[in-house]
Amino acid sequence: MNYNKPITRHTFRKMCMLLFTCMLIMLSCEKNNENKKDNIDYDSRKPIELSGFYPDSGWYQEKVMLEGKNFGTDPAQIRVWFNQKRAPVIGSTGTRMYVQAPRLPGDTCTISIAIGKDSVVYDQKFRYFASVTVTTVAGTGESGYRDGDLTQAIVAPRYVCVDGEGNIFIQCRYMDDQGNTDYRAFARVDEEANELITIDRTMTGNVPVADPITGVITFPTEATVGQVYSCDPREFWGPRKKELRFPDDYPGKPANGYKHAMAYNPEDGYLYCRYYYGDIIKINPNTYEVERIYKTVQGDNFGLTFSPLEPNILYMSFHSNAGTCANSICSIDVTDPDNTFKKLSGSTAGGFRDGPLETAQFREPNQIMCDNDGNIYVADKLNHCIRRITPEKMVETVLGFPQTAGFKDGTKDEALFNKPTGIGIAKDGTVYVGDNGNKRLRKLSIN
């Protein structure tokens, strides 16, 4: 055996995991022994004391041991946060607590503990490491369309949607710089079966949205003012043409069917859509009756989403032709639309800048989608990047190099995109990107 052989990072992490496993076993034994003697309850008459934690850095789901006094032994009574993200509590002996680092809490974390009415904060900080990589799911970069095996499939996904069962739906359409479209297709990607399944090759569909309760996929078209399609999983997602029902007293019905994005509001169960002419409408998904809630400036928008952390707040991304909202992210409270529409981001000229949302810049942001943690992902088309708006309203670039088009899978230091237009997010937080310029469906793995 070569005792001088250096320890690799992988081996070191395996050793650390083994050490933590042993510690967990010891912690469990210690807890059982203490419980045999006397169950240690949290005493509200005494302060919670903190002495330290280790390790002081790690990744998502890193095992962290918190030390102190008066924790109690009931994990259900203990609340732990890494910044604003709740951390799972695995066990406690009263003086030691075992937790897991939550997903995406921020680079530098303050760890706080709340038990009963008491809340305390550690003086030291936890350094969080994030790893983001992108891989290709389907598409070869060739023009045209071919379904079947994902490794051989030819696609140009423009918009993306993921339902609650992990089915990935893509609206495929490639448009060159002269506005010429070479084909249209609506398809389903089954990653587990490694297959691309064609659903329809005749219609020109726009951004699809999944109903989290029924699983029905709905998307608008531009064929007529009111035309949309619904795809029910009980019918193997076969498209059914629907016509929106505008009331007789609707104030100024849109002249054409230019509607590109839809979003489902979990608070009221309605679908929301916006027309090029500025009409924001809500749609009853059962009757398809329409009500206009607000009218914005004229111009295209290709992204609508609701955040689970902000009930009834509809976020919108606007194209470069949207006047005072051009190249911007805007929002509106759909329960009080007349008083709440506002532009959230910076310059309308189009550019690139991370940082606070009010000064951040985008360049033709397309589809947007919010994950379960309240992070809004943006397909920033002409910056060739995937951006993220955090719940704290900070904008950061997840992958891609600003204003640099190209194709490359890999990490943040090397990944490249070419006019990404679609964003879909699975329940586990996996982000799928319609990299339209590269004619590929790509997947972001965030750890």
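Mentor: Start with one aromatic cluster: Phe169, Phe186, Phe219, Tyr229 and Trp237. Rings of Phe, Tyr and Trp (its six-membered ring) pair if their centres lie within 6.5 Å; planes under 30 degrees apart count as stacked, over 60 as edge-to-face and the rest as tilted. The model is predicted, so local features need pLDDT of at least 70 and side-chain atom pairs pLDDT 80 or more, while totals for chains, interfaces and linings use all residues. Residues are numbered from 1 along each chain as its sequence is written, and side-chain values use heavy atoms, without hydrogens or water.

Aspartate 163 sits in the loop between strand S12 (157–162) and strand S13 (168–175). Strands (E, at least two residues) and helices (H or I, at least four) are DSSP runs, numbered from the N terminus.

Aspartate 163 is buried and has no salt bridge. Buried means under 20% relative accessible area, exposed over 50%, partly exposed in between (1.4 Å probe, protein chains only). A salt bridge puts a side-chain nitrogen of Lys or Arg within 4 Å of a carboxyl oxygen of Asp or Glu. For aspartate 163, the nearest side chain of opposite charge is arginine 188, 7.3 Å away. Lys and Arg count as positive, Asp and Glu as negative; His and the chain ends are not counted. What the aspartate 163 side chain does reach is backbone. The nitrogen of glutamate 165 is at 2.9 Å. The nitrogen of glycine 166 is at 3.0 Å.

Back to the rings. The count comes to 16 aromatic pairs. One of them joins tyrosine 145 and tyrosine 183; it is tilted, with 5.5 Å centre to centre and 40 degrees between the planes. Tyrosine 145 lies in the loop between strand S10 (132–138) and strand S11 (148–149), and tyrosine 183 in strand S14 (residues 181–190), so the pair ties together parts 38 residues apart in sequence. Tyrosine 145 counts as buried at 17% relative accessibility. Tyrosine 183 counts as buried too, at 7%.

Another pair, tyrosine 258 with tyrosine 276, is edge-to-face: 6.1 Å between centres, 85 degrees between planes. Tyrosine 258 is in the loop between strand S19 (239–243) and strand S20 (259–264), and tyrosine 276 in the loop between strand S21 (271–275) and strand S22 (279–283), 18 residues apart. Tyrosine 258 is partly exposed at 32% relative accessibility. Tyrosine 276 is partly exposed at 22%.

Now the charged pairs. There are 18 salt bridges. In one, arginine 96 meets glutamate 67 at 3.4 Å, N to O. Arginine 96 is in strand S7 (residues 96–100) and glutamate 67 in strand S3 (residues 63–69), so parts 29 residues apart in sequence are tied together. Lysine 85 bridges to aspartate 373, with the closest N and O atoms 3.5 Å apart. This pair links distant parts: lysine 85 in strand S5 (residues 85–87), and aspartate 373 in the loop between strand S29 (365–370) and S30, 288 residues apart. Lysine 85 is buried, at 16% relative accessible area. Aspartate 373 is partly exposed, at 22%. Shared partners join Lys85, Arg103, Asp371 and Asp373 into one network.

From S30, move to S31. Two strands pair if DSSP finds at least two bridges between them. S30 (residues 376–380) and S31 run antiparallel, joined by 5 bridges. Alanine 379 has isoleucine 386 as its bridge partner in S31. The two strands form a hairpin with 4 residues between them, and histidine 384 in the turn has a positive phi of about 55 degrees. S31 (residues 385–389) is mostly covered, with 5 of its 5 residues buried. Cys385, Arg387 and Ile389 are on one side, Ile386 and Arg388 on the other. S31 is also joined to strand S32 (residues 394–399) by 4 bridges, again antiparallel. Arginine 388 stands opposite glutamate 396 in S32. In the turn of this S31–S32 hairpin, lysine 393 has a positive phi of about 65 degrees.

Finally, the whole chain. It has 2 helices and 36 strands. Buried residues make up 52% of its 447 residues.

Key. Polar contact = N/O pair within 3.5 Å; in protein donor to acceptor, adjacent residues only side chain to side chain.
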